[in-house]
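Reader: I would like to learn how to read a predicted fold, feature by feature. Where do we start?

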Amino acid sequence: MIGFVVGSSFASRHVAGARCDLRSRRQAQAEAAVDTEKATQLENLQKLTVVVEDTGDFDTIRKHRPVDATTNPSLIYAAASMEQYRALVATAINYAQKSADTKESQLVVARDKLSTLFGAEITKIVPGYVSTEVDARLSFDTEASVEKAYELLRMYEEVGVGKDRILIKLASTWEGLKACEILEKDGVSCNMTLIFSLAQAAVAAEVGATLVSPFVGRILDWNKKEYGVESYAPEEDPGVISVKNIFNYYKCHDYK
């Protein structure tokens, strides 16, 4: 099954269907009969799709009640700076000091351990997947990316979280996509991030990625800077157009 996460603090995960049109989605939207006067924008969105939140803050996740959650090192760093998460940071540091010899290796282990500790806590809040990111510096090394993915899953297993609750987040470089192919064949679900083109999304589908994450905002930013445009109408937003093209491609080619 392939889903979408659109890069933002809130996102929606759409499952690609079998028909090459959007009639079923439009029908679902019509049947939802959303009462916009009584419901918030988030509540309306939840009636139409699967909401995913991109944060490391547990309180924010509890407030918004998404189905899935995704994290990245910058989000974990921001959350780890908060007073209420000091115990998790201390646990990660203690684990690293016992598991690695050098300061450099301890830093790597502590970072990975902290990511999985946060992820494990988030699995207690959301019913679906939690995405945990492989070190971006490994994005051009397939073997190292696969090895890191298994290290993260092992750390999750140590705290009682199975791989069925985790998405391994990989950059959509060629090497990252090949790592995804290896992992998915072994039953490890992957979230392919840093998708800026239909070509990347197409390969992600071919290698069996569970989830793809097009970077709508970054595509918009690049086009605004490249062409000197201050703003785009919603229907002309290059990022939105990119996601529509990917969605329609998946529908037409029956990726599920």
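Author: Start with burial. A residue is buried under 20% relative accessible area, exposed over 50%, and partly exposed in between, using a 1.4 Å probe and protein chains only. This is a predicted model: local features need pLDDT of at least 70, side-chain atom pairs count only at pLDDT 80 or more, and totals for chains, interfaces and linings use all residues. Residues are numbered from 1 along each chain as its sequence is written, and side-chain values use heavy atoms, with hydrogens and water left out.

Reader: Arg65 has a positive phi although it is not a glycine. Is Arg65 buried or exposed?

Author: Arg65 is exposed, with a relative accessible area of 55%. Its phi is about 50°. Arg65 lies in the loop between α3 (58–64) and β4 (68–70). Helices (H or I, at least four residues) and strands (E, at least two) are DSSP runs, numbered from the N terminus.

Reader: Where is Asp254 found?

Author: Asp254 is in the segment after α11. Asp254 is not a glycine, yet has a positive phi of about 60°. Asp254 is partly exposed, at 39% relative accessible area.

Reader: How many helices and strands does the protein have?

Author: There are 11 helices and eight strands. Buried residues make up 47% of the 256 residues.

Reader: How do I read the two faces of a strand?

Author: In a regular strand the side chains alternate between the two faces of the sheet. Now take β6, residues 166–171. Six of its six residues are buried. Ile166, Ile168 and Leu170 are on one side, and Leu167, Lys169 and Ala171 on the other. Both faces of β6 are covered.

Reader: Which strand pairs with β6 over four bridges in the parallel sense?

Author: Two strands pair if DSSP finds at least two bridges between them. β5 (residues 130–133) and β6 pair in the parallel sense over four bridges. Ile166 in β6 is the bridge partner of Val130. The chain runs from β5 through helix α7 (residues 142–158) to β6, in a right-handed β-α-β crossover. A crossover is right-handed if, with the strands pointing away from the viewer, the path from the first strand over the helix to the second runs clockwise.

Reader: What does β6 make with helix α8 and β7?

Author: A right-handed β-α-β unit, with α8 spanning residues 174–185. β6 also pairs with β7 (residues 190–195) in the parallel sense, over four bridges. Lys169 stands opposite Asn191 in β7.

Reader: Now helix packing. At what angle do α6 and α7 cross?

Author: Axes are lines fitted to C-alpha atoms, for helices over the stretch in contact, and angles run from 0 to 180 degrees between N-to-C directions. The axes of α6 (residues 103–123) and α7 come within 9 Å and cross at roughly 55°. Angles under 35 degrees count as roughly parallel, over 145 as roughly antiparallel, 65 to 115 as roughly perpendicular and the rest as oblique. So α6 and α7 are oblique to each other.

Reader: Which residues make the contact between α6 and α7?

Author: Contact means heavy atoms within 4.5 Å. Among them are Val108, Val109 and Arg111 of α6, and Lys148, Glu151 and Leu152 of α7.

Reader: What covers the buried residues of α9?

Author: The cover includes α8, β7, β8 (211–214) and α11. In α9, Gln200, Ala201, Ala202, Ala204 and Ala205 are buried. Just after α9, Gly208 takes a positive phi of about 90°.
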